[in-house]
Amino acid sequence: EKYARWLEGDFLKWGKNPLVVKEILQAVIRKGASQFSYHALAKETSVTSHNTINDYLEMLGEELFLKTINKVTLSPYSVQRKKEKKAFFIDPLLCTIAERWAQLTLPEAHIIEQTVQSHLSRLGPVHFYNDGKKEIDAVTRIKGRTLALEVKWSDNIGPLDTYAVRKADAGYVLSRQTLKRISTTPVIPVS
């Protein structure tokens, strides 16, 4: 409760309406690990403009609360800033605070995915990949090479789960507890 009040005070300092922030956080939590457009979030809130959604999400990023990431193409590697977005909470504690404040809960698998994205973001800009068939949860460039991480909060990992990450220079599937190799792709426990 104290943390929620502290955040509300920060939002007011930015000149933002805490009720609108709450609606946006509810929409983001409902999206979970799915991609979204600013227009789609606006439709789920009382906000009428996608520009306002963008403004509020940028503020949440500046507050180191929630990070919005862009879609990429892999070959060639290109950030698609005008395409769909994803968002993740910077820290599991902040996620818990947002869940309580928004009165919604993220599934455990989505929290794990967001934690991986948050940790990877410490190495550089994080993006996601989605070709309409397969997705990669977290993609970044390190020393000119593409690193791709797909989180499967399961131990039932098969060849189809490794398909997208094989498109990267270095691709890994992060599982609940499984440690194995499928073709050339390492499957390792997320912990």
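Two strands are said to pair if DSSP finds at least two bridges between them. Helices (H or I, at least four residues) and strands (E, at least two) are DSSP runs, numbered from the N terminus. The model is predicted, and local features need pLDDT of at least 70, side-chain atom pairs count only at pLDDT 80 or more, and totals for chains, interfaces and linings use all residues. Residues are numbered from 1 along each chain as its sequence is written, and side-chain values use heavy atoms, with hydrogens and water left out.

Strand 1 (residues 66-74) runs parallel to strand 3, and two bridges join them. Here V72 has Y129 of strand 3 as its bridge partner. Strand 3 also pairs with strand 4 (residues 135-142), this time in the antiparallel sense and over three bridges. Across this pairing, N130 stands opposite E135 of strand 4. Four residues lie between the strands of this hairpin, in which G132 takes a positive phi near 95°.

Attention now turns to W14. This residue lies in the loop between helix 1 (2-13) and helix 2 (18-31). W14 counts as partly exposed because its relative accessibility is 38%. Leaving aside residues up to four places away in sequence, W14 touches M59, E62 and E63, where contact means heavy atoms within 4.5 Å.

Note on methods
Buried means under 20% relative accessible area, exposed over 50%, partly exposed in between (1.4 Å probe, protein chains only).
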